[in-house]
Amino acid sequence: MALFLSQLFIGIGNGVVYASVALALVLIFRTTGILNFAQGEMALFSTYITWKFTDHGMPVVLAIILSMAISFIGGMIIERVLIRPVESASPLTIVIVTLGMFLAINSLAQLIFGTGEKQLPSPFPSHRYHVLGTTLTAQTIGLVAVLAVECLVLYILFQRTKMGLAFRAVANNVESSRLVGINSGLMLMLGWGMAAALGALAGAMVVPTQPALVPSSMQSVLVLSFAAAALGGFDSPLGAVVGGLVVGVADAMTHQYIDGLDQIELVVPFALILLVLLFRPNGLFGKTVVERV
Amino acid sequence: MALLEIEGLTGGYGPVQVLHELDLEVGDGEVVVVLGANGAGKTTTLRAISGMISAKGRITLGGTSIVGKSPERVARLGVAHVPQGRGTFTDLTVEENLRLGGYARKGGVAEDVQRWFTTFPRLEERRTQQAGNLSGGEQQMLAIARGLMSRPRLLLLDEPSLGLAPLITQDLFQRLSAINEEMGTAMLIVEQNANLALAIAKRAYVLETGSIISSGPASEVQQDDAVRKAYLGY
Amino acid sequence: MALLSVEDVGVRFGGVVALDGLSFTVDEGTICALIGPNGAGKTTLFNVLSRLYQATTGAVTFDGQNLLAVPSHRIAELGMARTFQNLALFPALTVLENVMTGAHSSGKVGFTRAALRIGVGSEERRMRAQSHEILQRLSLDHLADRPCGGLPYGTLKRIEIARALALSPRFLMLDEPAAGLTHSEVDELGAAIKSIRDDFSLTVLLVEHHMAMVMQISDHVVVMDFGRKIADGPPEVIRNDPAVIKAYLGASA
């Protein structure tokens, strides 16, 4: 029981991060229909920025906030400069562009920050609590709280503000949104900006749980987050959160309880992606297109 | 000076030129109908006005040139375009669709939402439903109400009766006529249901292969033999 | 003799009753029009007949067979073809290619022979010739090599009819073929549907709001409202039926 609980807590802690990155993926997919393969590397770059600030002695929370702001602007620039020109190109072209960004951003990070291991401090205290015979870390509680706040902020933004309404309008029908006077280009830039900022936050959450910040820090996170988004449905924010938690817990549990799997990385997310694509291509919460006739 | 003035308008899709030196105008508060065969360039004309396609020539709205302006700029200048096939935001609720109609306008929209709910009670009954679940007639009402939410100077309507049953179409044109009288909104209507459209219009144009071939007061156009044969069916 | 017979068909979506005990028959070689207000259930019935929707109750017989036991991919083999209200064409393909996608379903060359390219050349020539002929019948041949994307709505509706005809059907279902056409174009289309019916010995079921066309070409009209049949008979009777005028036609009829 104690072992099960401790794996559950680890799973939830990881799952929260996958959920954050999956939320960013969903945000971009909903507004532009693009699967952003560079999401993980964008988050990596942001995390290096966060690290740079802390390295200069800035408190970690302030560093994260600053890095999120910079990433927001960076995301907007990426949309305007790299994505806009291929906006109406074939899906394959766009996939290639985001894969190119994946490689380019990773290389750029190595070039600027070097390949050495960096230590990023955790924004959470190191308290441990004993619950039902196992330990629950402040880290896990903090991660869940951050995700909860993130979801709440996004919910209010999208459902309760005029900008959120415009955003959803663009996601639903670009042409009609322009006809009612919405600057759809600006909305798409904001979408990428927000996704980049979410990535910065997720990076700062996950890296302190890893041995060190290295150029490959976000790669397995991206795969697990893709699994989370595929599981929940690429167009569903709720699906991203649930998917992230399921993937995190499933990953932790299978490695604990199924012998041999602990040697193979990423088997769970790939198996999940495969199963979802086979049996429920729209994901658990994804929208099956039903048209009134 | 007319509200909308178009002179020598040329445009199309990529290499295909659809409009050839088209001239047209709509006065303040005037209802104008454009008739024409399939492919004559009616939809293209509306799309050129609202900035959805690039066009050459002169288009002015209240004296301001709108050629080459983006659709969102044109919308903010007071043109509401209700596209063919309605273009409602199918994933959003009826009320959200209406609020979006007033997006570009300064000031609150709640009052206008209520006003159009009063005019179209069916929409109020369905205010929290997704627009995609409405029937064809309801979607058309929603698209028109959304257009009017911006308090436009000019309403562009592209085949509002498409796919609507006769009774609903008659009702729709009566409402359009009432809205025009009450609010003085100018309307440029492309419509195959020419009898009903001409009945509420002041003037009409006949479009053929991208140019205007005849125009005049709606009642005169209605009497024209060629027009009757081609567009009125008697 | 009735080619299609619909008996007491009901369809429910959750709590919504889309069709409610609908019965009518379509005789072989006739043109039957289905009219009624938006949301009356006309397209729902089309979707039941092409097996996209499951009927909750009732029976449908086509040419003596229980249609409701036939899977949707076998509908074309029975000789049924349809067009869609919201066009279902491939915008990047040319008009001719779109029509030929219809002909492919009725192609005689099986998968193995096609894979080995045995007899494909002559088969493709045959389909190409047939598709051209159909385009000509619908006055679309001058557009054969144009991509479908960007063509006007009314033209696209006719291309869909051409594609349905390329299946060489016995029974053709048309969903609002006259939408977006001018009166004279509607007249032409009506005449084309009639002559196609005669030459290909077709039976036609038509959903249409354009009353002039319905009255002109149909042998038999079924009127629906709220998922039920409210009238059924020859066009001249339907046009004067007070219930139909009240629910559907209004003053202009």
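How many residue pairs, both at pLDDT 80 or more, are in polar contact between chain A and chain B? The count is 8. The legends below describe a predicted model.

**Figure 1. The contact between chain A and chain B.** Chain A brings 21 residues to this contact, and chain B brings 28 residues. Together the two chains bury about 2,100 Å². Carbon and sulfur atoms give 56% of that area. On the chain A side, the residues that lose the most area to chain B are Leu165(A), Leu179(A) and Val180(A). These three together make up 30% of what the chain A side buries.

Figure 2. In one of them, Arg178(A) pairs with Glu72(B). The closest N and O atoms of this pair are 2.8 Å apart. Three elements of chain A each supply at least two residues to the side that touches chain B: α6 (162-172), α7 (174-179) and α8 (184-206). Of the elements of chain A, α6(A) gives the most to this side, with 6 residues. Sorted by class, the chain A side has 7 nonpolar, 8 polar and 6 charged residues.

**Figure 3. The contact between chain B and chain C.** Here 24 residues of chain B touch 25 residues of chain C. The area buried between chain B and chain C is about 1,700 Å². Carbon and sulfur atoms supply 56% of this area. On the chain B side, Asn38(B), Pro166(B) and Leu167(B) provide 30% of the area buried against chain C, which is more than any other three residues provide.

**Figure 4. Polar contacts and helices where chain B meets chain C.** This interface has 0 salt bridges. Polar contacts are present, with a count of 10 residue pairs in which both residues are at pLDDT 80 or more. The chain B side draws at least two residues from each of α6 (136-148), α7 (166-183) and α10 (225-232) of chain B. By class, the chain B side that touches chain C holds 11 nonpolar, 11 polar and 2 charged residues.

**Figure 5. The two assigned domains of chain C.** Domain 1 of chain C covers 1-79 + 169-253, and domain 2 covers 88-166. Their centres, taken over C-alpha atoms, are separated by 25 Å. The area buried between the two domains is about 1,200 Å². Carbon and sulfur atoms give 70% of that area.

**Figure 6. Side chains and elements between the domains of chain C.** Across this interface there is 1 salt bridge. The side chains of Arg137(C) and Asp199(C) form a salt bridge, with an N to O distance of 2.8 Å.

Terms used:
Residues numbered from 1 in each chain as written. Chains lettered and ligands numbered in written order. Heavy atoms only, no water. Contact = heavy atoms within 4.5 Å. Buried area = accessible area lost by both parts, 1.4 Å probe. Salt bridge = Lys/Arg side-chain N within 4 Å of Asp/Glu carboxyl O. Polar contact = N/O pair within 3.5 Å; in protein donor to acceptor, adjacent residues only side chain to side chain. Helix = DSSP H or I, 4+ residues; strand = E, 2+ residues; numbered from the N terminus. Nonpolar A, V, L, I, M, F, W, Y, C, P; charged D, E, K, R; others polar. Domains from an automatic or database assignment.
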